[in-house]
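Open the model in your viewer and keep the sequence panel beside it.

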Amino acid sequence: MRFLALLLPLCLLLVVSPVRAELPTTETTAREALLIDATTNTVLLAKNADQRMPPSSMSKLMTMYAVFDALRDGKIALDDTATVSELAWKQEGSRMFLEPGMQVKIEDLIRGVIVQSGNDACVALAEAISGSVGAFAGLLNETAARIGLTGSHFTNASGLPEPDHYMTPHDLVVLSMALIKNFPEHYHYFSEKEFTFNKIKQGNRNPLLYRSINVDGLKTGHAEEAGYGIAVSALQDSRRLVLVVNGLKDMQERADEAARLLEWGFREFGTYTLFKAGDQVGDAGVWLGQMENVPLVVDEDYAVTLPRAARGQLSADIEYQQPIAAPIQKGQKIGMVKVSAPGMTTIEIPLTAALDIPKLGWFSAIATKAKYVLAGDGK
């Protein structure tokens, strides 16, 4: 059975198995890049996406995940204070200008990391949570494994270059999506454009927050050997894209290339509803049941991301073996619907029975079998 699915704009849908859009394509000047539609987990662009690289300050996202975890677990609170150590004060690079012995609120340190990219704030948080930077690095590695980061290793809290401190673009995208999904109550910090501490006002280092492309996070990075990079996310019409680029030559190229790739992703691809949970997709004949047919439904919401030009060619095939022998239980898997279109991998979606169908009684079953026998003899 074949039909064209009626597609509507997506609001919030269950992520289906990752699919890879084949067209359109674009080149990028980034050494590493990965662009994903976070709603459907569809890869729109990949370049060296599993390559280990120095993540520089983008690895502060891992530090913030651990901090938000500690807040949720009650180990720390936003109004708690941390004592600034000599080690935190001596940190090189970007800082929030902490001073030794200061008592600083955890929430201020969070803003110091996210908005000001403060290496000193990272160390202060690490010591407040784990007692030392080394112990905190161990916590980062444990947390990374728990959330599915397979190409990362952390030796410090700030992302300062060290031989065994690395991440992949894939892991940075996974981490970014985990932050957005798991800590919506804290995600607003990533879109704050400035923060003043110790009478020093600093602007957020994410240049895309200042452009009209609906960017709401996440973090820039730069190291001599790594070049310029950014992990960034944008939300347009309930559709979220997450992008990681690295290895760009300067801040201007980083800003322009990241903006171009996001705009390309929104322009060239669309995310469309396939089915809502409970939608009836078809029906199947029932053998020896109290009803002749059973409605077939999908149990979850499904969406697909594909090139906009391919939307009109989206089609689906229902597959099942019939007739289905009674009794049938509601929720019983009956078959599947295979959805395909140019430029996407075929998606297989389970179909289940919409209701219970009891088996016919003995006398009715005999009568039904006799009817089929007589019908067969008459052909």
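**First stop: Asp69**

Select Asp69, which is buried at a relative accessible area of 14%; buried means under 20% relative accessible area, exposed over 50%, and partly exposed in between, with a 1.4 Å probe and protein chains only. This is a predicted model, in which local features need pLDDT of at least 70 and side-chain atom pairs count only at pLDDT 80 or more, while totals for chains, interfaces and linings use all residues. Residues are numbered from 1 along each chain as its sequence is written, and side-chain values use heavy atoms, with hydrogens and water left out.

Asp69 is found in helix α1. Helices (H or I, at least four residues) and strands (E, at least two) are DSSP runs, numbered from the N terminus. Show what surrounds Asp69: leaving aside neighbours within four places in sequence, the residues in contact are Thr143, Arg146 and Phe183. Contact here means heavy atoms within 4.5 Å.

The side chains of Asp69 and Arg146 meet in a salt bridge, 2.5 Å from N to O. A salt bridge is a side-chain nitrogen of Lys or Arg within 4 Å of a carboxyl oxygen of Asp or Glu. Because Asp69 lies in helix α1 (residues 60-72) and Arg146 in helix α5 (residues 133-146), the pair ties together parts that are 77 residues apart in sequence. Is Arg146 buried or exposed? Arg146 counts as exposed, at 54% relative accessibility.

**Second stop: Arg111 and helix α3**

Select Arg111 and Glu192, which form a salt bridge with their closest N and O atoms 2.7 Å apart. Arg111 sits in helix α3 (residues 106-114) and Glu192 in the loop between α6 and β6 (194-197), so the two distant parts of the chain that they link are 81 residues apart. Both residues of this pair are buried.

How many of the residues of α3 are buried? Nine of its nine residues are, and the helix is mostly covered. Among them are Ile106, Leu109, Ile110, Val113 and Ile114, along with Glu107, Asp108 and Arg111. The buried residues of α3 pack against α1, β4 (81-83), β5 (103-105), α4 (119-130), β6 and β8.

Select β2 (32-37), β3 (42-47), β8 (215-223), β9 (227-236) and β10 (239-248). In what order do the five strands of the open sheet lie? The order is β3-β2-β10-β9-β8, with antiparallel pairing. The edge strands are β3 and β8, each of which pairs on one side only. From one strand to the next, the twist averages 5 degrees. Two strands pair if DSSP finds at least two bridges between them.

Zoom in on β9 and β10. These strands run antiparallel and are joined by eight bridges. To find one of the partners, pick Ala234, whose bridge partner in β10 is Leu241.

Then show helix α6 (residues 169-182), which lies across β2, β8, β9 and β10 and runs at about 145 degrees to β10. Axes are lines fitted to C-alpha atoms, for helices over the stretch in contact, and angles run from 0 to 180 degrees between N-to-C directions.

Select residues 251-268, helix α7. Its 18 residues should span 26 Å at 1.5 Å a residue, and the end C-alpha atoms are 26 Å apart, which agrees. The expected span is 1.5 Å times one less than the number of residues in the helix.

Step back to Asp250, which caps the N-terminal end of α7: a side-chain oxygen lies 3.2 Å from the backbone nitrogen of Gln252.

Colour the buried residues of α7, including Ala255, Ala258, Leu261, Leu262, Trp264 and Phe266. The buried residues of α7 pack against β2, β3, β8, β9, β10 and β11 (269-275).

Select Arg31 and Glu32. They form a salt bridge, with the closest N and O atoms 2.7 Å apart. Arg31 counts as partly exposed, at 33% relative accessibility, whereas Glu32 counts as buried, at 4%.

**Last stop: the whole chain**

Clear the selection and show everything. The secondary structure of the protein chain comes to eight helices and 18 strands. Of its 379 residues, 54% count as buried. Of the contacts in the chain with a separation of 6 or more, 64% are between residues 24 or more positions apart. A search of the whole structure finds 13 salt bridges.

Definitions and conventions. A polar contact is a pair of N or O atoms within 3.5 Å; within protein, one must be able to donate a hydrogen and the other to accept it, and residues adjacent in sequence count only if both atoms are side-chain atoms.
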